[in-house]
Amino acid sequence: MTSGKGFDAVPSTLRNTAAVAACFLVIVAAVGVLVYLFTKVASLVMAVIAALLLTALVSPVARQVRRLRAPAWVAALSGLFTVLIAIGGSVALVGNRIAGQWEEMRRSLTEGLQEAQSQIVGALPISEQQLDTLIDGAVRTLRRSSPDPVASASMVTRVGAAVLIALFLLFFMLKDGRSMWEWVLRLAPERRRPKVDVAGRAGWRALGQYVHGIILVALADAAGIGLALVLIGVPFALPLTLLTFIAAFVPIIGAILAGAAAVIIAFVGGGTTDALLVLAAVLAVQQAESHLLQPLIMGRTLHLHPVVVVVAVAAGTLAAGIAGAIVAVPLVAVVYRVASVLAAPDEDDGPEADSRLAAEGPPGPR
């Protein structure tokens, strides 16, 4: 009785504040545990997410092969080989072009750096000796901060293992995606399975729309900037075009980094005029992407505010580097779509809804 009276004597405002603070601490602790577990198995998590993205990308290929009455494993292999040929072919093409232009690029780089050094000495109150000292200091700093060979070898091993796991998962997601989803549905309570089925298919549809939409945007960016690089005569036009395509998968930040790389290479290879022309082309393509392509292609898919996109990219970068930046936005989009469906009131109940859901089937390739 005494403890009860003592608790009742505490003002209600203080009790409510304490309850909110306790809930907040529990949530923070749970998030901290999840982040800790994620850092321990980050490579595996990224492999699973990459496999889901690739499955959403090439599942139309597997579906078309299945419509030819091919076995499920043949359809899965067709999707897997599509990914391997696309990635391997791009790497081989760019590698050959870099090897053929390397000597020319090395000579252009040397001449460009000398020209830049002359312009800096002429424009700023600094002597050539002082500039050389600054450059030598920067080079020494970069050498000291370069990664340890053992750590680099370990990173390469982890990345290689993650790639193999992603390809392994991709094959079985293409082959057994439907049965996998049915197994996941059986984990949910029976009365909630139709709603979970709708939410899962909505999330999968959002993922597929995002992947195909971002590829169209990346192709448009790469085509526009690549054409400008070829017309201007910038060295390494093909590798820069591929870099632009890959960078488009990282919203906002990727376009800035790819554009900066193109401008720097143009300056080194052709001087200030070429750099300004490339900068103008990059800005024009990015403005067309932001105001035309993104709203038309991605607007109906994400339904996310730009602030949410920036925060998601930043959080993904901090958690898993470049790979985290690539998967952050589609992950947020899928979670948002699934949560929206699960939070919506039930509108379709009963036998008719169950038969319609069964006819449409689960998410994933079929």
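How much space lies in the largest cavity? About 60 Å³ lies there, in a predicted model whose local features need pLDDT of at least 70, whose side-chain atom pairs count only at pLDDT 80 or more, and whose totals for chains, interfaces and linings use all residues. Residues are numbered from 1 along each chain as its sequence is written, and side-chain values use heavy atoms, with hydrogens and water left out.

View 1. The secondary structure comes to twelve helices and zero strands, helices being DSSP runs of H or I with at least four residues and strands runs of E with at least two, numbered from the N terminus. Buried residues (under 20% relative accessible area with a 1.4 Å probe, protein chains only; exposed is over 50%, partly exposed in between) make up 31% of the 366 residues. Of the contacts (heavy atoms within 4.5 Å) with a separation of 6 or more, 73% are between residues 24 or more positions apart.

View 2. A cavity is a set of points, on a 1 Å grid over the protein atoms alone, where a 1.4 Å probe fits but cannot get out, and lining residues have an atom within 4 Å of a point. Grid points are joined across faces, edges and corners, and the volume is the space filled by probe spheres set on the points; the count comes to one cavity of 30 Å³ or more. Helices H7 (193-232), H8 (237-247), H9 (253-270) and H10 (272-302) each supply at least two lining residues, and H9 gives the most, with four. The lining includes Asp221, Thr244, Gly254, Gln286 and Glu289. By class it has six nonpolar, four polar and two charged residues, where Ala, Val, Leu, Ile, Met, Phe, Trp, Tyr, Cys and Pro count as nonpolar, Asp, Glu, Lys and Arg as charged, and the others, Gly among them, as polar.

View 3. Gly271, with a positive phi near 95°, follows H9.

**View 4. Arg69 in a loop.** Arg69 is found between helix H3 (42-67) and helix H4 (72-123). Its phi is near 65°, a positive value in a residue other than glycine, and Arg69 is exposed, with a relative accessible area of 80%.

Notes. On a 1 Å grid over the protein atoms alone, a cavity is a set of points where a 1.4 Å probe fits but cannot get out, and a pocket is an open set with protein on both sides within 12 Å along at least five of seven lines; lining residues have an atom within 4 Å of a point.
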